[in-house]
Amino acid sequence: MKAIDINNSLIEGYLRMLENLSPGSKLDLISKLTLSVKEDMTKSKKSFYKSFGAWHSSKSADEIINEIRGSRKFERQIEGF
């Protein structure tokens, strides 16, 4: 069974379950589902922008570069032949 068939059968099952709800309950369910979809869309947008890893700092680029270079420690020893 394909994923599309499974999704369709799940949706049909939910619709059969919801047939006996009052119109007010159905409207309430619609509004909650709509909010849920909007939240999902907002979360996916935020996670998309977070994936770029922007750097937030009050320091200038030169200060950050100097700080990184200053923190480097080289303890390499060159051995003779």
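View 1. Ile 6 lies in helix α1, which covers residues 3–18, where helices (H or I, at least four residues) and strands (E, at least two) are DSSP runs numbered from the N terminus. The model is a predicted one, in which local features need pLDDT of at least 70 and side-chain atom pairs count only at pLDDT 80 or more, while totals for chains, interfaces and linings use all residues. Residues are numbered from 1 along each chain as its sequence is written, and side-chain values use heavy atoms, with hydrogens and water left out. Together with Leu 10, Tyr 14 and Met 17, Ile 6 makes a nonpolar surface patch of about 430 Å²; patches consist of residues with over 30% relative accessible area and no salt bridge, like charges being joined within 9 Å and nonpolar side chains (Val, Leu, Ile, Met, Phe, Trp, Tyr) within 5 Å. Ile 6 counts as partly exposed because its relative accessibility is 38%, given that buried means under 20% relative accessible area, exposed over 50% and partly exposed in between (1.4 Å probe, protein chains only).

**View 2. The salt bridge between Asp 28 and Lys 32.** The closest N and O atoms of Asp 28 and Lys 32 are 3.6 Å apart, and a salt bridge is defined as a side-chain nitrogen of Lys or Arg within 4 Å of a carboxyl oxygen of Asp or Glu. Both residues belong to helix α2 (residues 23–50), and because they are four residues apart they are separated by about one helical turn. Asp 28, at 38% relative accessibility, is partly exposed, whereas Lys 32 is exposed, with a relative accessible area of 53%.

**View 3. The salt bridge between Lys 59 and Glu 67.** Lys 59 sits in the loop between α2 and α3, and its side chain meets that of Glu 67 in a salt bridge with an N to O distance of 2.4 Å. Lys 59 is partly exposed at 39% relative accessibility, and Glu 67 likewise counts as partly exposed, at 46%. A search of the whole structure finds two salt bridges. Lys 59 and Glu 79 are 20 residues apart in sequence, and their C-alpha atoms are 40 Å apart in space.

**View 4. Arg 76 in the segment after α3.** Helix α3 covers residues 61–71, and Arg 76 is placed in the segment that comes after it. With 75% relative accessibility, Arg 76 counts as exposed. From Arg 76 to Asn 7 the separation is 69 residues in sequence and 60 Å in space, C-alpha to C-alpha.

**View 5. The whole chain as the setting of the close-ups.** The secondary structure comes to three helices and zero strands, following the pattern α-α-α along the sequence. The radius of gyration is 28 Å, well over the 12 Å that the globule rule gives for 81 residues, so the chain is more spread out than a compact globule; this radius is taken over C-alpha atoms, and the rule is 2.2 Å times the number of residues to the power 0.38. The C-alpha trace spans about 85 × 40 × 15 Å along its principal axes, and buried residues make up 1% of the 81 residues. Carbon and sulfur atoms account for 59% of an accessible surface of about 8,500 Å², with areas from the Shrake-Rupley method with a 1.4 Å probe, and for residues only the protein chains shown counting as cover.
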